[in-house]
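We will go from the whole protein down to single residues.

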Amino acid sequence: MIHEEQFASRHLGPNPAETREMLDVVGSKSLDDLIDETIPRSIRLKNPLNLPAGISEHRFLESLRKTAKKNKTFRSYIGLGYYDTITPPVIQRNILENPGWYTQYTPYQAEVAQGRLEGLLNFQTMVMDLTKMDVANASLLDEATAAAEAMSMAYHIANKGASGINRFFVSEKCFPQTINVLKTRAQPLNITLVVGDHATVPLDKSFFGAILQYPADDGAVLDYRGFVQQAHEHGALVVVSADLLSLVLLTPPGEFGADIVVGSSQRFGVPLGFGGPHAAYFATKNEYIRHMPGRIIGVSVDAQGNKAYRMTLQTREQHIRREKATSNICTAQALLANIAAMYGVYHGPEGLARIASNVHAAAVALERELKKLGYLQANEFYFDTLKVKVNSAERIREVAEAEGINFRYIAKNWVGVSLDETTLPEDVQAIVSIFATASKQNYRLNGAEELFAGTHTEFPRQFARTSSFLTHPIFHQHHSESEMMRYLKALENKDLSLTHSMIPLGSCTMKLNAASELMPITWQEFSAIHPFVPLDQVEGYLGIFKELEDQLCEITGFKACSLQPNSGAQGEYSGLMVIRAYHRDRGEAHRNVALIPQSAHGTNPASAVMAGMSVVVVKCDSQGNIDLTDLRAKAEMHKKDLSALIVTYPSTHGVFEESIREICEVIHQHGGQVYMDGANLNAQVGLTSPASIGADVCHINLHKTFSIPHGGGGPGMGPICVAKHLAPYLPGHPLTKTGGEKAIGAVSAAPWGSSSILLISYGYNKMLGGHGATEATMYAILNANYLMARLQKYYTVLYRGANGRCAHEFILDMREFKQSASIEVEDIAKRLMDYGFHAPTVSFPVAGTLMIEPTESESKAELDRFSDALISIRKEIQEIIDGKADKKDNVLKNAPHTIREAMGENWNHPYSRYKAVFPLMYLRENKFWPSVGRIDNAYGDRNIMCACPPLESYAEEVAS
């Protein structure tokens, strides 16, 4: 009999012998006993998960190859914001397929994130240059939601004095998915959308803003100057949704008056992936920088005065402002933004000009050839897209699909053809042949030289770009593969990722992202498919989606699932919008109050406000649990207008609250629904479930529980699962049938969100199976309790469950050291870098604490290494308390220590260099060096610079 290797043995950290040792330390006889002591019996599942047994990595990949063949990889010229592109192999191999990049976390600890921060600064600089705007952020989720964020930002700018201006003009030439997402977002905010022709709409003072598509959805390049001037005369802000590649040749929106520019960077080397993930961009004027959604990377200095990157104006991140937020954006698309940025770095301005000119030249040649056949092309000016009048679009479709080609079928007599970077002369000839065949004409194939001979590709003066772009040296230095490879490696080496050590961030679940799970995302059968192809071309994808939905429903105990939300915060918003739709459908539109515990993540109240709800905060008791008395009082007070309770389970304090079912019953008794934030689902799978605790809907962070990598700040996915009564309201989409029969509008640009990375979670579930997924939960709980047991002698554990256990994470209280040693929690976080570790979550959900989550993927050896580091740091604190170390000049206050400082000529500290950089023996063999010292955040906020610094700053640094 053949015994196949089980994936669980690769995914789980501790082996059986280590498990027994850890249980001894924890004080439990068995893993089952530990779980019984941790999770309330009242909510435990009575039966194991009804999922197939796990399979080996080899068997999974072999099976998936067969499924992939069910997808048809047609050439798609559909456009609508999605275009085929060439991912430079040096970028694919060194970023997209490199765990040194994709296993990084969001750069909150900037000293160990300088590489990706530099990459994101390159992204911002590229976007600012191409759009000619003052400032850009470090990416958003997709073009449609970026447009919605722009609308919301304009609305809040216009109404900061409570003026009640609520009309927003949307050009009918915007992409249909963008219009639909705008409609979804506008409804709960009482924004009135006016969709129409920008040339004829009568603007007045009741409009706070407008959005235009550039080029238009049908490819037309239009002169918007008059409209922009008119809008500004009435006090409205103008948003332009622009094709980034077209701006290489076309007048940038910043030069014709745009206030906000959004769009997608997908065609900068990011595969189609059946809809994502792709990095949207968002750029605006300096005066609006504090209103911007998302993260902004800026330049500051470290403790030694060296240049250092960080997240600028971090306190203006909208979700941090909770119910006062104008956006719930938390994660974004950092990995994809870095790919797009490096595409710009690799090609430089000349390379981008060549690519854009080739695309436009192909479109011009295609128009000329189609005219020879008698076809009318409607766009006077265009970049890459033709709008062709035909006798029968259906006839074109029949011929095209027989040749393995997709076009956009606008109407029965109109066809759209969008060309891209991959379009070759023979592709143009193939397209012309289809139109010839459809009209029963003969077409003589021309050679490439003849096809493009005499092609005039210059735009008239009002549209032609004259300004320079990508002038910074970084876009001129790395055009050979050798130079690019070394640049990417140099950036990677500055960043701490899971390739170096565990990343014990509480509430973030930085578990293994298995190579076998990620391999398929770059297979052509999955990566090269346009999101709006006919569904009979994606039977492989659809089968995977159905199976994944069934897996997630079984795990959550719910009836139905939507895979559309493309981040956790988007999942929160979607779930709350489903609840809103449910109440309105029952004639209870007045139910608009959301009860939220004070310990909740900031995205919870931000999402509630976006969904049109009023937030009422519920107190927590001294043990971190929801105060039942306060909950009952507020549920009773708002019983006529109670919409929902938003609750995280296990709680953000890392415990399974014993009263969770009672909490949910209180809400239901008063007519509300229970929304469970799925951030901590990693402690539930196979042991309990959202349905078991009494919830009605939850979102699932696939980038936490189900192994999608964090990518340095995205991508992520936030599907929602719902009970039967909420299933009719799951999100729909204007271009593909999704959702329930009473679907809310689209919440993402693509029907299934970031479709290609759903393969990762699908693989995670297939390979672990029901038993393996349950084991993963048990080991996540074991690892957390083991760490707590080792550290509780040295630090105060803030919260525990009824039996003294924690869930999958726990909180250490560092506040006592501020009084006794003048040590802040930040000092401990920075000192951990000297030990080769990323800090746990700092000051959330309680200020002055560290929240630690080890995940199931870490071995006992790694857990011990981390414990030893924190124990060593506690001894260093004791030296300060005992007067053996100076309160101001010590290893914690000066952390982290760089190799430049340690090897410098001058060392003016009372402790040794050796103590600074080699505090434990293991560091002599394998040392991660932070590339900068502690960063001066105040300096960065006083001296805002959100683009690549000028060349002379590099020279100054070298001289210093």
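The tour below names what to select and says what is there.

**Before you start**

This is a predicted model: local features need pLDDT of at least 70, side-chain atom pairs count only at pLDDT 80 or more, and totals for chains, interfaces and linings use all residues. Residues are numbered from 1 along each chain as its sequence is written, and side-chain values use heavy atoms, with hydrogens and water left out.

**Stop 1: the whole protein**

Show the cartoon. The protein has 32 helices and 25 strands. Both are DSSP runs, numbered from the N terminus: helices are H or I with at least four residues, strands are E with at least two. The radius of gyration is 28 Å, close to the 30 Å that the globule rule gives for 960 residues, so the protein is as compact as a globular protein of that length. That radius is taken over C-alpha atoms, and the rule is 2.2 Å times the number of residues to the power 0.38. Along the principal axes, the C-alpha atoms fill a box of roughly 85 × 75 × 70 Å.

How much of the protein is buried? Of the 960 residues, 65% count as buried. Buried means under 20% relative accessible area, exposed over 50%, and partly exposed in between (1.4 Å probe, protein chains only).

**Stop 2: a pair of rings**

The structure holds 29 aromatic pairs. Rings of Phe, Tyr and Trp (its six-membered ring) pair if their centres lie within 6.5 Å; planes under 30 degrees apart count as stacked, over 60 as edge-to-face and the rest as tilted.

Select Tyr 214 and Phe 256. Their ring centres are 5.2 Å apart and their planes are at 75°, so this pair is edge-to-face. Tyr 214 lies in strand 5 (residues 207–214) and Phe 256 in the loop between strand 6 (237–242) and strand 7 (260–264), so the pair ties together parts that are 42 residues apart in sequence. Tyr 214 is buried, at 1% relative accessible area. Phe 256 is buried too, at 9%.

**Stop 3**

Now select Phe 526 and Tyr 541. This aromatic pair is edge-to-face, with 5.2 Å centre to centre and 70° between the planes. Phe 526 sits in helix 17 (residues 524–527) and Tyr 541 in helix 18 (residues 539–556), 15 residues apart. Phe 526 is buried at 0% relative accessibility, and Tyr 541 is buried at 0% as well.

**Stop 4**

Select Ser 755, in the loop between strand 21 (720–722) and helix 24. Is Ser 755 buried or exposed? At 0% relative accessibility, Ser 755 counts as buried. Leaving aside neighbours within four places in sequence, Ser 755 is in contact (heavy atoms within 4.5 Å) with Gly 273, Phe 274, Gly 276, Tyr 541 and Phe 545.

Step to Gly 276. The peptide bond from Gly 276 to Pro 277 is cis, with omega near 10°. Pro 277 lies in the loop between strand 7 and strand 8 (280–284).

**Stop 5: the nonpolar core**

A nonpolar core is a set of buried Ala, Val, Leu, Ile, Met, Phe, Trp, Tyr and Cys residues joined through side-chain atoms within 4.5 Å. Select Leu 595 and Ile 828. Of the 261 residues in the largest nonpolar core, these two touch the most other members. Helix 24 (residues 758–791) gives the most to this core, with 18 residues. A second, separate core has 32 residues, including Tyr 77 and Val 388.

**Stop 6: two cysteines**

How many disulfides does a search of the whole structure find? It finds zero. A disulfide is a pair of cysteine sulfur atoms within 2.5 Å. Select Cys 561 and Cys 721. The sulfur of Cys 561 is 3.8 Å from its closest cysteine sulfur, in Cys 721, too far for a bond. Cys 561 is buried at 10% relative accessibility, and Cys 721 is buried at 0%.

**Last stop: a positive phi**

Finish at Leu 470, in the loop between helix 14 (448–452) and helix 15 (481–493). Its phi is near 50°, a positive value in a residue other than glycine. Leu 470 is buried, with a relative accessible area of 0%.
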